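Visitor: I would like to learn how to read a few features here. Please show me the model.

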Amino acid sequence: MSQTAGILLSLSIALLTGLLLSRLAKLVQLPAVTAYLIAGVLIGPFCLGAFGVDGIGITHTQLEGLGIISDVALGFIAFSMGNEFRISQLKKIGKQATVIGIFQALITTVVVDVFLIALHFMMPNEFSLSAAIVLGAVATATAPAATLMVVRQYKANGPTTRMLLPIVALDDAIGLVVFAIFMGIAKAISGGAGSINAISLFVEPMIEIVGSLLLGALLGFILSELEKLFHSNSNRLSLVITFVFVTVALTTLKNLHIGEVHIGFSSLLTCMMCGTVFCNVCECSDEMMARADGWTKPLLILFFVISGAELDLSVFKQPIFILVGVIYILARCLGKYYGTWVSAKMTKCDSNIVKYLGITLFPQAGVALGMVSVVASDVVFAGTAVGNTVRFVVLFAVLVYEIVGPVLTKIALTKAGDITEKPADFSRRRKNAEHA
């Protein structure tokens with residue numbers, strides 16, 4: 001089979017399996033995103049894909065060719081989250097969202113590090129201090145994709161949802177800073193202090209954050225100006241899609257240097273800022289964002305199915321990884337929930353936000369996996385026990401979070417009153433009304 005045919009067949013299998021399982025998920029009242037992830041696990045290289053038979057699964061080789069789908073999907077997810085940073089809305093919840101976003105992220109890091117460092121002293125030969133410190137930093141990240149998918153599926157709307165989406169977006173910036181600093185500390189502890197300096201610890205992370213925001217703002221402004229040249233909604237939508245592609249492409253440039261300083265960009269931050277500027281400058285942004293959401297639905301299904309296929313089930317072969325993973329998951333949930341609870345109380349948020357917002361921050365995937373890839377390719381940690389521990393623990397946690405997290409998010413938003421279930425006879429009553 002040709003390479004093109006193989007890729008097209010893999011995409012078809014992913015879409016069809018995800019759609020079929022989403023029907024089953026609906027019968028048991030599970031979010032569709034959970035079904036997509038389970039579909040990915042079933043057809044991935046650790047289940048049906050392991051047989052290597054075309055048409056029944058996705059192999060490791062085929063999965064590598066689908067990486068561009070995940071990059072583009074994350075770009076659209078981040079771009080659409082810019083819609084949550086409209087100035088009119090930020091005037092109402094900006095201060096509260098900022099305080100909660102920073103506070104819960106830092107509290108989560110502290111709680112996870114306390115538990116894992118204690119485990120290190122109990123098992124110094126099996127679990128290293130450097131791994132504990134890095135995992136504490138990774139714990140800050142929250143998965144915007146799964147959260148956004150649940151919000152869209154159930155058309156969630158209310159105080160908790162409006163507070164949730166900006167906080168999830170803020171997690172990326174906070175996580176980048178914390179991760180960069182803690183990585184430097186961990187490398188120094190591991191004996192790699194010779195390669196650590198102020199540039200790698202502070203300058204490069206700040207350049208990445210500021211550079212991403214400036215690049216995203218510039219692209220968002222250019223998009224808003226070019227949009228005025230078109231009057232057809234289909235052409236405007238094509239222009240939006242083009243700019244998301246361009247933004248993702250620019251952020252993948254890796255070999256940019258000014259002297260000893262490496263210049264990098266965060267795809268999530270840049271696309272989010274592009275969407276933010278576009279939504280605040282363009283008069284027809286509401287309609288364009290709604291149209292873009294509809295266009296990207298198949299892309300998001302593919303993203304979650306591929307994410308499920310990438311979940312490495314071999315983590316279950318190592319008991320130490322399971323132990324550390326369970327502690328990491330429980331400590332992170334504890335930090336997210338109580339960090340959010342305390343900061344929401346401090347900022348005098350609505351009682352439903354105080355009680356349920358923390359639960360919606362449990363899902364973890366894309367950003368955390370990106371941090372893991374940085375650890376795996378680092379000159380100090382690549383191929384070491386620290387690198388392997390971080391990789392397998394986070395993979396195990398993502399496997400649990402991505403399957404259970406969306407369900408908990410749905411339950412929390414429902415209890416908060418942001419998701420209103422339609423009555424069973426809703427369709428029948430609507431039809432009767434139409435014929436009345």
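Visitor: Leaving aside neighbours within four places in sequence, which residues is Thr161 in contact with?

Guide: Contact means heavy atoms within 4.5 Å. By that test, Thr161 touches Val151, Ala156, Leu413 and Asp418. This is a predicted model: local features need pLDDT of at least 70, side-chain atom pairs count only at pLDDT 80 or more, while totals for chains, interfaces and linings use all residues. Residues are numbered from 1 along each chain as its sequence is written, and side-chain values use heavy atoms, with hydrogens and water left out.

Visitor: Where does Thr161 lie, and is Thr161 buried or exposed?

Guide: Helices are DSSP runs (H or I, at least four residues), numbered from the N terminus. Thr161 lies in helix H8, residues 159–189. Buried means under 20% relative accessible area, exposed over 50%, partly exposed in between (1.4 Å probe, protein chains only). Thr161 has 4%, so it counts as buried.

Visitor: How many disulfides are there?

Guide: A disulfide is a pair of cysteine sulfur atoms within 2.5 Å. By this rule the count is 0. Take Cys271: the nearest cysteine sulfur belongs to Cys274, 6.9 Å away.

Visitor: Is Cys271 buried or exposed? And Cys349?

Guide: Cys271 is buried, at 1% relative accessibility. Cys349 is buried too, with a relative accessible area of 13%.

Visitor: Which helix supplies the largest share of the nonpolar patch?

Guide: H14, with 5 residues. Helix H5 (87–122) and helix H14 (319–346) each supply at least two. Met346, one of the patch residues, lies in H14.

Notes:
Patch = residues over 30% accessible without salt bridge, like charges linked within 9 Å, V, L, I, M, F, W, Y side chains within 5 Å. Areas by Shrake-Rupley, 256 points an atom, 1.4 Å probe, with all protein chains shown as cover. Salt bridge = Lys/Arg side-chain N within 4 Å of Asp/Glu carboxyl O.
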